[in-house]
Structure formats: structure tokens, C-alpha cells
Amino acid sequence: MKHTALITAAAAGAAALLLAACGSSSSTASSTSTSSSPAASAASSSSTASAATGSKFLGCMVTDTGGINDKSFNQSAWEGMQEAAAANPNVTVKYLPSTSESDYVPNINQFISEKCGIIVTVGFAMATATQTAATKHPTQDFSIVDNAYTPVIKNIDALVFNTVQDGFLGGYLAAGMTKTGKVATFGGAEYPTVTIYMDGFWDGVQYYNSKHGTHVQVLGWNETTQKGEFTGDFTNETKGQTVTQTFIQEGADIIFPVAGNVGLGAAKAVQQADAQGGKVNMLWVDTDGCISAAQYCKYFISSVTKGIQAAVKNAVLTSAGGTFKGGDYIGDLNNGGVLLSPFHDFASEVPAALQAELKTLQAGIESGAIKTPTKSPVS
């Protein structure tokens, strides 16, 4: 375990934002809450979601290795597919699971052979496979979650989210709620779409320190050095549990996993600490944890979320409607593409003054008056 405890002032001006890759994407999605219906409602990896028999448009999705029930981006993307099918009776949707990176290309090729109207791939790790297929098949519509291309690729609707912004809010919230003066974060893999969350969280803590004269420490990540803790995957809950137990032993009382299903292991560690008389809580990632992982809601102060569902739904519907246009959709606080979820069980525990500060902070980020770190998910 190589954790770095940080007490330094904010390093809000990080590397230049590369979001200039944004093109004229047709996506105009705004954030929505994750559906309470689990993605497991699909009978199998090739199941269809409520669409009329004989539908003329087939929307297809390739999952990343976290699986369709990862309580995170795979599940959110599939729910977006299902919502598109519910919105248009001529749309049928299906998915293929990837259990390893070697499944990406065969799964994409399988859907190309099935003449899918659009193929949605989920995750930064599928960037190369998606690009290769899109270049080889320029008339095939694609969409990818959590990756963009420079220059843009005309037949890929790239869906990226400036989660450094709501990560910043999450870090500020954690710093305001900690009782031990230590908070922690870790990632599943060292991808830009993971570390952008961690950058925002780290700098949010530093900003709180600068405003309140406090010295809250962050374990697991240093935005300045770009060094921190990663489990190496998004599926092994035991790794998340072990990492979190170490953080708790080191004094952290708020944990922010950016690791898909691995984060459920973190939640188990928090639950165990609570059962033993410790007072440890969490922030969830990507989706509203009180909906996607409701069994742990009592430990989630809030969730640092992004509107994957709405963005994927829009990509499918524009393709089905003949208005598809490749480019980059960038979700941020201004367009509702990223946000902090409601406090749920913590609504009465988050001090009113802190809630007011968060609203002021969000307005400042949206206006540009408050600068967040500028590491980009498209770099």
C-alpha cells in the first residue's frame, strides 16, 4: 500500500484541459437518476428490452469487463439502452458481455455482422477497438462511453463527462464531514476517466482546507504527483474491501472508490467498521448509490454521478431517428451531465452551512469563477 497523506494547499490549476476535442455531437443529454430496475432484468446477454415485435432498428451494446450489473457505468449504459427502446417502439436493444479485453473486438464484429443500427461500447479501455471498427466501417454508427477522439471520428458519438467538477464538490463535502481529518480515494485502473474523479476529489479537499484553515488529509491519491492507489480491475470486490480496511486503519472515515463493482467491497469494509463501532461513511461513483446499491445507502453521504443513461439513450434515439451526428458530448455541471446526488439518509446530517457552501461552490464552478483541476477524460 503506497498511500500519500496530503496537507498542502489546493493545486487547482493542473494540466490544460483537452476538452477542445469537442465536436458537433448530436447528444444533448442531461443527467437523470439511475433506474431502480437492475440491469439484470435482461434475461440474457442477448435479451431485448421492451420493444415491439418486428422492430426495424437494432441498438447493440458491448459491456466492459465490470459486467452488466456493476452498479456503475455498464449498468447505467444498459439502462440508457432500455430507455431508448421504451421511448421508441421501433427500437430493440441487446448487449454482449466482455469478460476480458480480448472480447472487445469479437463482440463488436459480431454486432457488425448482425447489422446493428448503432453499436455502443462502454469504457475507455474499448477506445482502440471502437476506433478501428469505426474506421473500417464508416457507414456504421457507433457511440462510446467515457472516451473521445482527437480529431473527432464522424461515425462515433463520443460521450465524455467532466467529472472533475462534481468530484471537486465531493471532495469539499468529504472534507466538511470528516471527523478524523482523513479521507481516502482509490481507483480500479489508472485510466484518465478514473483519475479525473480523483483529481477533483483531491482538489476539493484542498479548497476546503484553504477556505476553513483546516488540514484534512487525502489518502490514496495526490493530484500534483498523479500517484495513488489502484486495485487493477473493476470486478474484484475483495481487493476493494482490503484497500478500504487499510484506509480505515490509517484513520480515514470517508471513502470514495472510483472502481465500479470493486467499490462494493469498499462498502462491505465500511459496513464491517460500522458493526464494530466505527463511524465510517462513503461517497459512491457514477450512479446514485442509494438506488444502484441501495443495501449500503445508510453509508452514502452522496454520490458523484454522471448522466450516462440520458446520453446513451439520446445516442440510440438519434441514430434510430436518422439524425445521428458524430463528435463529442461533454457532460458538465452547466448542462446537468454531472452532479452530486441527493443526500438521502444524510439530508439532516450534512450541516445547512455546508450545504449552502456547496451550492455557492457549484455556481462558482459553473461560472468559471472557481477553477477546478483541468485534467481531461479525453487526454
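At what angle do the axes of helix H1 and helix H9 cross? Let us start there and then walk through the rest of the fold. This is a predicted model, in which local features need pLDDT of at least 70 and side-chain atom pairs count only at pLDDT 80 or more, while totals for chains, interfaces and linings use all residues. Residues are numbered from 1 along each chain as its sequence is written, and side-chain values use heavy atoms, with hydrogens and water left out.

The axes of helix H1 (residues 73–87) and helix H9 (residues 308–320) cross at roughly 45° and come within 7 Å. That makes H1 oblique to H9; angles under 35 degrees count as roughly parallel, over 145 as roughly antiparallel, 65 to 115 as roughly perpendicular and the rest as oblique. Here an axis is a line fitted to C-alpha atoms, for helices over the stretch in contact, and angles run from 0 to 180 degrees between N-to-C directions. Helices (H or I, at least four residues) and strands (E, at least two) are DSSP runs, numbered from the N terminus. The crossing of H1 past H9 is right-handed, meaning that the near helix is turned clockwise from the far one by less than a right angle. On the H1 side, the residues that meet H9 include Phe73, Met81 and Ala87, and among their counterparts in H9 are Ile308, Val312 and Leu317. Contact means heavy atoms within 4.5 Å.

Stay with helix H9 for a moment, because Ser319 sits in it and is buried, with a relative accessible area of 8%. Buried means under 20% relative accessible area, exposed over 50%, and partly exposed in between (1.4 Å probe, protein chains only). Not counting residues up to four places away in sequence, Ser319 touches Phe57, Gly117, Ile118, Asp141 and Phe324.

Five of the five residues of S3 are buried. Ile118, Val120 and Val122 point one way from the strand, and Ile119 and Thr121 the other way. In a regular strand the side chains alternate between the two faces of the sheet. S3 pairs with S1 in the parallel sense over four bridges, and Met61 stands opposite Val120. S3 also runs parallel to strand S4 (residues 141–145), to which five bridges join it, and here Thr121 stands opposite Ile144. Two strands pair if DSSP finds at least two bridges between them.

Which cysteine is joined to Cys60 by a disulfide? The partner is Cys116, with an S to S distance of 2.0 Å. A disulfide is taken as a pair of cysteine sulfur atoms within 2.5 Å, and by this rule the count comes to two. Cys60 lies in strand S1 (residues 57–62) and Cys116 in the loop between helix H2 (104–113) and strand S3 (118–122), so the pair ties together parts that are 56 residues apart in sequence. The torsion about this S-S bond is about -80°, so the disulfide is left-handed. Cys60 counts as buried at 0% relative accessibility, and Cys116 is buried too, at 4%. The other disulfide joins Cys290 to Cys297, again with S to S 2.0 Å. Its torsion is about 85°, so this one is right-handed, and both of its cysteines are buried.

Now turn to the open sheet, where six strands are arranged in the order S7-S6-S10-S11-S12-S14 with mixed pairing. Strand S7 (217–219) and strand S14 (338–340) stand at the edges, each with a single partner strand, so one side of each is left without a neighbour in the sheet. Neighbouring strands of this sheet are turned by 15° against each other on average, direction ignored. Strand S11 (residues 281–286) runs parallel to strand S12 (residues 300–306), joined by five bridges, with Asp286 opposite Thr305. Helix H7 (residues 262–275) packs on the sheet, touching strands S6 (182–187), S10 (254–258) and S11, and the direction of H7 makes about 170° with that of S11.

A last stop is Ala252, in the loop between helix H6 (237–249) and S10. Ala252 is buried, at 2% relative accessible area. Leaving aside neighbours within four places in sequence, the contacts of Ala252 include Thr180, Leu219, Phe247 and Val280. Val280 is 28 residues away along the chain, yet the C-alpha atoms of Ala252 and Val280 are separated by 7.7 Å.
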